[in-house]
Amino acid sequence: MMSRWQRQIRAGELVIVLDDWSPKFDGHYIYYPTARQNSAAFKVTVDALRHHAPRRKRG
């Protein structure tokens, strides 16, 4: 399934710039705070990303 921006690129509505500098990874970037205890909102976000991340095919 194509994302919205992928459809817009194919339709010519968007143009890729600096393609060599664009990340080739479809995952999430997350910041781990240096505080000893993480906030409740941070914990909920991390848990949601862990449980809702698409499964990658091995092979």
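1. W21 counts as exposed, because its relative accessibility is 74%, where exposed means over 50% relative accessible area, buried under 20% and partly exposed in between (1.4 Å probe, protein chains only). W21 lies in the loop between α1 and α2, the helices being DSSP runs of H or I with at least four residues, and strands runs of E with at least two, numbered from the N terminus.

2. This is a predicted model, in which local features need pLDDT of at least 70 and side-chain atom pairs count only at pLDDT 80 or more, while totals for chains, interfaces and linings use all residues. Residues are numbered from 1 along each chain as its sequence is written, and side-chain values use heavy atoms, with hydrogens and water left out.

3. The protein chain has two helices and zero strands, and of its 59 residues 5% count as buried. Its accessible surface comes to about 6400 Å², of which 55% belongs to carbon and sulfur atoms; such areas come from the Shrake-Rupley method with a 1.4 Å probe, and for residues only the protein chains shown count as cover.

4. L18 is also found in the loop between α1 (4–10) and α2 (40–52), and L18 counts as exposed because its relative accessibility is 63%. Phi of L18 is near 55°, a positive value in a residue other than glycine. Most residues other than glycine have a negative phi.

5. On the surface, V15, V17, L18 and W21 form a nonpolar patch with about 560 Å² of accessible area together. A patch of this kind joins nonpolar side chains (Val, Leu, Ile, Met, Phe, Trp, Tyr) within 5 Å, from residues with over 30% relative accessible area and no salt bridge.

6. One salt bridge is found in the whole structure, a salt bridge being a side-chain nitrogen of Lys or Arg within 4 Å of a carboxyl oxygen of Asp or Glu. The side chains of R50 and D47 meet in a salt bridge at 3.9 Å, N to O, and both residues lie in helix α2, three residues apart, about one turn of the helix. R50 is exposed, with a relative accessible area of 57%, whereas D47 is partly exposed at 36% relative accessibility.

Notes
Patch = residues over 30% accessible without salt bridge, like charges linked within 9 Å, V, L, I, M, F, W, Y side chains within 5 Å.
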